[in-house]
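The sequence and structure come first.

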Amino acid sequence: MGQDPGLRRLALGTLLAAYPGPVPPDWAVDLLADGLAGHTLFGTNIHDPAQVAASTAALRAGRPDVIVAIDEEGGDVTRLAHATGSPYPGNAALGTVDDPALTREVYAAIGAELAALGVTLDLAPTVDVNTADENPVIGTRSFGADPKRVAVHSAAAVAGLQSTGVAACAKHFPGHGATVADSHHELPTVDVPPAVLRERDLPPFAAVVDAGVRAVMTAHIRVPALTGDGPATFSRAVLHDLLRVEYGFTGAVVTDALEMKGAVLAAGGVGTGAVRALAAGADLLCIGARVDAELVESVAAEIVAAIGDGRLARERVEEAAGRTVALAATSPADAPPPATDGLGYAAALRAVRVEGDLTRAAAPLVVQVHATSTVAEGRVPWGLGPHLAAGIEQARAVAGETDPEKLRRLAGDRPVVLVGRHLHRLPGARELVEALAATHQVTVVEMGWPGAWRPAGARAFVATHGASHANGRAAAQTLGLTG
C-alpha cells in the first residue's frame, strides 16, 4: 500500500526545509504545494536583495502562507550580509551599550529589511546568558552574562522585530550560555539542577514569553536533571512541562537543525530525531542546511510511520501543524523601511571599550590573527581591513605558528595593532602578544567575547564586543585609523 496522502501532507506541515543555490528548485516549490511548512534561507541562497525578493515570491507561488525563515541576528551571524559582514552590531555590543531603546531600534531595522524581502520568521534573537568565557558557539551572540540585563534586551529585541510583522524566534531553550562544547559537533552537557536554570538561564525566556514572542527554538544540549541522557530538543519535561506549563508559552516551538550532531548522535538519524522532537512537544522541525527532496520525503515518511505504529499520536502532529499554520499567518508590515542609515555603525561605536593608552607616534602595522568561524557564523569577513586609511600596512598571523621575529622586522619602529577574535581561546595567542610587547608598543583589539583575560605587556586593550562590519569600522575609528 502507498503512503496515505493526508498523513504525508500533515507530516510535511511540521517541516522547515532548505534548498541549494539562489533560485528555488522545482522540488522545493512543489513540496510547498504538497504541504511543506517552509524553507530556511542560508548564505548560499543570497546574492542581492532583488534576487532574494524574487526567491521568496517564487516560494509563495507554491504556498501563499509559506514560512520563510533566516538566521539574521546582526553582529557575527548574518545571512543577508554574509559577503561583507553585518552593518549592525550583535547582541554583546548592544548589551554593553545597555540602551534597550537602541536594541529595539536595531532589531526593528533588521526586521524591516527582512519584511521588504519577503522573510516571515527571523531565527533570532539569541537570548542565552553567556556565563562561560570559553563558550565556543554563543559568545558575542549573547547580550551578556547578567540574566537581568539579557532579559531586558531580549524583550526589546523581540518587540523591535515583531513590530515589523516578522516573527521572532528566541533561542536556545533552556539556555546554551553555560556550555563549553559546540552542539553542531557534539552534545554539550549542562549539569546543574533546575533551580540554577531558573535563576541563571531562564529569566530571558520568561521575558520574551511576556513580550509575546511568536516562536522559541530548542537547544541540542543535555541537562541531566531534566533531559536524562538526551538533548532538550527530545525532552517533554523541557518543551512541555517547563516551557508550555510553567512559563506559559503558547506559540510555536522550533527545533534547532536536526542535522546537527548534537541531535543526530542522540537520535540515530534525522527522521528518528523528527519523531522524537514531535513527541516531546516541538511543532516546527528545522531539518538543516543540507537538504534535498529525498531527505524531506524520508523525514515525512518516518513521521507517517510513527503515527501508524503508535510512536506518535496523530493528535500531537495535528497540534504541531496547527501551530505552524498560525506562525505562517505572520504578515510582514507593508510600511516602507525606516531611515536607518548609519544606525548600526553609531551603535557599534558606542559599544567600544578601551583600557589603557591609545597614544601612538606613528601609523601602526595592523596584524590580524587568524580565527576559525563556527557553523552558525559561517565564513563572513571580519577585521579592520576595509576601514583603514590608505598607506596603513596590514599583515596576517597564525597564533602558535607565525614567528614573532618576522612581525618585529615587518613593523620596524612602528607600533603594532594586533586584531583577533576570542584570543584567550587561541593556543599561542598570549605568547604572540607578549613576544611583540617586549619590543614594540602593542594595542590589542579583541573582536570576540573579551572574557576576563587581558594581554600582559600590551599598552592598550580595545574590546568591540563583536566582529561585524560595523564593529570593525568602530574599532578603526576609535584607533584613528580611518581615512
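## Salt bridges and cysteines

Asp71, Glu73, Arg79, Arg141 and Lys171 are linked in a network of salt bridges. A salt bridge here is a side-chain nitrogen of Lys or Arg within 4 Å of a carboxyl oxygen of Asp or Glu. The model is predicted: local features need pLDDT of at least 70, side-chain atom pairs count only at pLDDT 80 or more, and totals for chains, interfaces and linings use all residues. Residues are numbered from 1 along each chain as its sequence is written, and side-chain values use heavy atoms, leaving out hydrogens and water.

By the salt-bridge rule the count comes to 27.

Helices are DSSP runs (H or I, at least four residues), numbered from the N terminus. Arg198 lies in helix H7 (residues 194-201) and Glu246 in helix H10 (residues 236-246), so this pair ties together parts that are 48 residues apart in sequence. Arg316 and Glu319 both belong to helix H14 (residues 314-328), 3 residues apart, about one turn of the helix.

Buried means under 20% relative accessible area, exposed over 50%, and partly exposed in between (1.4 Å probe, protein chains only). Arg316 is buried at 11%, whereas Glu319 is partly exposed at 38%.

The count of disulfides (cysteine sulfur pairs within 2.5 Å) is 0. The sulfur of Cys169 is 9.2 Å from its closest cysteine sulfur, in Cys286, which is too far for a bond. Cys169 is buried at 0% relative accessible area, and Cys286 is buried at 6%.

Notes: Helices (H or I, at least four residues) and strands (E, at least two) are DSSP runs, numbered from the N terminus.
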